[in-house]
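Please look over the sequence and the coordinates before reading on.

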Amino acid sequence: MRTPLVAANWKMNGSREFAEGFFTALDLEDSGAEVVICPPFPYLSLVADRVANRAIALGAQNLSHEAAGAYTGEVSAAMLRDVETRYVIVGHSERRSLYGESSELVASKFVAAQESGLVPILCVGETLQEREEGWALDAIAAQLQAVLDRVVADDLKRAVVAYEPVWAIGTGRTATPEQAQEVHGFIRERLGSAGDAVRILYGGSVKSGNATALFSQADIDGALVGGASLDAEEFGKICRAAAQ
Ligand code: PGA
């Protein structure tokens, strides 16, 4: 059995005041799902303090593939570990499209994260054009392959994958449970012998209203939640839906 996992990706949103209020309002009622909060870098320590005695893990939204040195503006895996971070998102579509991160760079970040003991949440997903032209699974396979080329099955077992169709991120347009399941099943197959152990999250306009139908699919093990994770009440509902 894979324990469901729900991760909040706050993206470049929030403030000290927001984070304080969020944890005051967040009621997980022992949801049974593993919950991860990924705030912007400046709030990692604050969130680490707030989650210390709760069943919530800390995640980051990005990291450098380099270990240390003259890389102005970058943050290393070791630094993230140093402030109690357990998970890190790699290859989010916004990093790929807005900051030009290639699948090879994403794979280097994946490796750097694991070398420091972080659990990477590897994001993959097709654009609308790729879906409409029938290339969705090929695009996802290529993104996955860059990582598969660098790691062995035991490494994969210590990772999380998130399927996030680019056309569903922040658009209010969600993949249907069947569309998502098709891709999740495909990803699990591509992961080979590690497949059964890896949690595969769905991301893209997840809300409490569509979460239950998505989570009822055999290969959907949780969610990576953007917009709806900024509302503690709504996020709590999604976490509870994952645990049912
Ligand atoms: P969304 O974002 O839930 O706002 O669509 C998901 C994500 O980008 O991780």
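Which residues does Ile187 touch, not counting residues up to four places away in sequence? In this predicted model, Ile187 touches Val124, Ile140, Leu144, Val161, Tyr163 and Ile200.

Ile187 also belongs to the largest nonpolar core, which has 69 residues. Phe23, Ile37, Ile187, Tyr202 and Phe235 are the residues with the most contacts inside this core. Helix H11, residues 232–243, supplies the largest share of the core, namely six residues. Another core, of 14 residues, lies apart from the largest one and includes Cys38, Ala57, Ile89 and Leu201.

Helix H11 deserves a separate description. Its buried residues are Ala232, Glu234, Phe235, Gly236, Ile238, Cys239, Ala241 and Ala242. These buried residues pack against strand S1, helix H1, strand S2, helix H10 and strand S8. At 1.5 Å a residue, the 12 residues of H11 should span 16 Å, and the end C-alpha atoms are 17 Å apart, so the two values agree.

Lys11 is located in the loop between S1 and H1. Leaving aside neighbours within four places in sequence, Lys11 is in contact with Pro40, Gln61, His92, Glu94, Ile169 and Gly226.

| Pair | Atoms | Distance |
|---|---|---|
| Lys11 and Glu94 | side chains, polar contact | 2.8 Å |
| Asp231 and Glu233 | side-chain oxygen to backbone nitrogen, at the start of H11 | within 3.0 Å |
| Lys11 and Ser45 | C-alpha atoms, 34 residues apart along the chain | 16 Å |

Note on methods. Residues numbered from 1 in each chain as written. Predicted model: local features only at pLDDT ≥ 70, side-chain atom pairs only at ≥ 80, totals over all residues. Heavy atoms only, no water. Core = buried A, V, L, I, M, F, W, Y, C linked by side-chain atoms within 4.5 Å. Buried < 20%, exposed > 50% of the residue type's maximum accessible area, 1.4 Å probe, protein only. Helix = DSSP H or I, 4+ residues; strand = E, 2+ residues; numbered from the N terminus. Contact = heavy atoms within 4.5 Å. Expected span 1.5 Å × (residues − 1). Polar contact = N/O pair within 3.5 Å; in protein donor to acceptor, adjacent residues only side chain to side chain.
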